[in-house]
Amino acid sequence: PIDPAAARPGDVLLLAIEGRAQHLAIRSDLAGDPAIIHAHAPRRRVVEHRIDADWAQRILAAFRLPGVAQEEAD
């Protein structure tokens, strides 16, 4: 487990959907902005999008997995 504010691309985020912890996403970077990759049920596909205020408030926890290479931010 890590502080969600310290999450970097490659980290796993636990998200609340409908008020419950029930969704996982991979933290990514989209044109220099924090983003997530996840399965989006309403769209019926995997999507990547920026973390806006709505998605940011859904982040409950973050995890860094051993052995997962991450790029360092400039």
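Start at Ala 7. Beyond its neighbours within four places in sequence, Ala 7 is in contact with Ile 2, Leu 13, Arg 27, Ala 62 and Arg 64. This is a predicted model.

Two of those partners, Leu 13 and Ala 62, join Ala 7 in the largest nonpolar core. In soluble globular proteins, nonpolar side chains tend to be buried together.

Now move to strand β1. The strand covers residues 12-17 and holds Ala 16. The relative accessible area of Ala 16 is 15%. Buried means under 20%, so Ala 16 counts as buried. With neighbours within four places in sequence set aside, Ala 16 is in contact with Ala 21, Arg 58 and Leu 60. Take Leu 60. In sequence, 44 residues separate Leu 60 from Ala 16, yet their C-alpha atoms are 6.6 Å apart.

Step back to the whole chain. It has one helix and five strands. From the N terminus, the order is β-β-β-β-α-β. The chain's radius of gyration is 12 Å, close to the 11 Å that the globule rule gives for 74 residues, so the chain is as compact as a globular protein of that length. Along its principal axes, the C-alpha trace spans about 35 × 25 × 20 Å.

Contacts across the sequence come next. Among contacts with a separation of 6 or more, 36% link residues 24 or more positions apart. Buried residues make up 28% of the 74.

Last, the surface and the charges. The chain exposes about 5,100 Å², and carbon and sulfur atoms supply 55% of that area. The chain carries 9 positive and 11 negative charges, with mean positions 9 Å apart.

Note on methods: Residues numbered from 1 in each chain as written. Predicted model: local features only at pLDDT ≥ 70, side-chain atom pairs only at ≥ 80, totals over all residues. Heavy atoms only, no water. Core = buried A, V, L, I, M, F, W, Y, C linked by side-chain atoms within 4.5 Å. Buried < 20%, exposed > 50% of the residue type's maximum accessible area, 1.4 Å probe, protein only. Contact = heavy atoms within 4.5 Å. Helix = DSSP H or I, 4+ residues; strand = E, 2+ residues; numbered from the N terminus. Rg over C-alpha atoms; globule rule 2.2 N^0.38 Å. Areas by Shrake-Rupley, 256 points an atom, 1.4 Å probe, with all protein chains shown as cover. Lys, Arg positive; Asp, Glu negative; His and termini not counted. Charge placed at Lys NZ, Arg CZ, Asp CG, Glu CD.
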